Amino acid sequence: MSAPLDPDMFDPLCPSDLMPIRIGDKWAGMIIRCLERGPRRFSELRIPLRGITAKALTTSLRALERDGLIIRPAYAEPVRRVEYELSQLGRSLLQPMAVMCTWAQEHWDELLDAREASSPLGRTEQAGQARGQ
């Protein structure tokens, strides 16, 4: 069995929607990272993904399974148990994801600046500066 997932695995101040390069939906990349070190149950995945609803997690898991990135073995034990794990195809994404994460870390300030500049508040401030206010 894998070590428990760190509840603070994903920084709440570092939202995934700031990442311009996305695999699947908003949560797919983070789910893949959660499965990096071995199979996990649904309830385990919700610990570091505290902002996700059960419905959104189910939808993301089904999409990842449909795309062949994860598999969902069910164990017929006295109590039925379902886990999610990366397929070989899903594991092949880990290295490209690491490269994307490194790129995002190197360009984080630029990404934040661009987002702020394009927000309604940022555009208002820029217009005021252009008029000399």
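Mentor: One term before we start. Buried means under 20% relative accessible area, exposed means over 50%, and partly exposed is in between. Also, this is a predicted model.
Trainee: Okay. How many salt bridges are there?
Mentor: The count comes to four.
Trainee: What does R33 pair with?
Mentor: R33 forms a salt bridge with E36. Their closest N and O atoms are 3.1 Å apart.
Trainee: And how accessible is R33?
Mentor: R33 has a relative accessible area of 32%, so it counts as partly exposed. E36 is at 26%, so E36 is partly exposed as well.
Trainee: Next, which residue does D67 bridge to?
Mentor: To R66, with the closest N and O atoms 3.1 Å apart.
Trainee: Why does R66 count as exposed?
Mentor: Because its relative accessibility is 65%, and exposed means over 50%. D67 is partly exposed, at 42%.
Trainee: Changing topic. Which residues gather in the patch of negative charge on the surface?
Mentor: D109, E110, D113 and E116.
Trainee: Where does D109 lie?
Mentor: In helix α6, which covers residues 108-118. D109 has 57% relative accessibility, so it counts as exposed.

Conventions. Residues numbered from 1 in each chain as written. Predicted model: local features only at pLDDT ≥ 70, side-chain atom pairs only at ≥ 80, totals over all residues. Heavy atoms only, no water. Salt bridge = Lys/Arg side-chain N within 4 Å of Asp/Glu carboxyl O. Buried < 20%, exposed > 50% of the residue type's maximum accessible area, 1.4 Å probe, protein only. Patch = residues over 30% accessible without salt bridge, like charges linked within 9 Å, V, L, I, M, F, W, Y side chains within 5 Å. Areas by Shrake-Rupley, 256 points an atom, 1.4 Å probe, with all protein chains shown as cover. Lys, Arg positive; Asp, Glu negative; His and termini not counted. Charge placed at Lys NZ, Arg CZ, Asp CG, Glu CD. Helix = DSSP H or I, 4+ residues; strand = E, 2+ residues; numbered from the N terminus.
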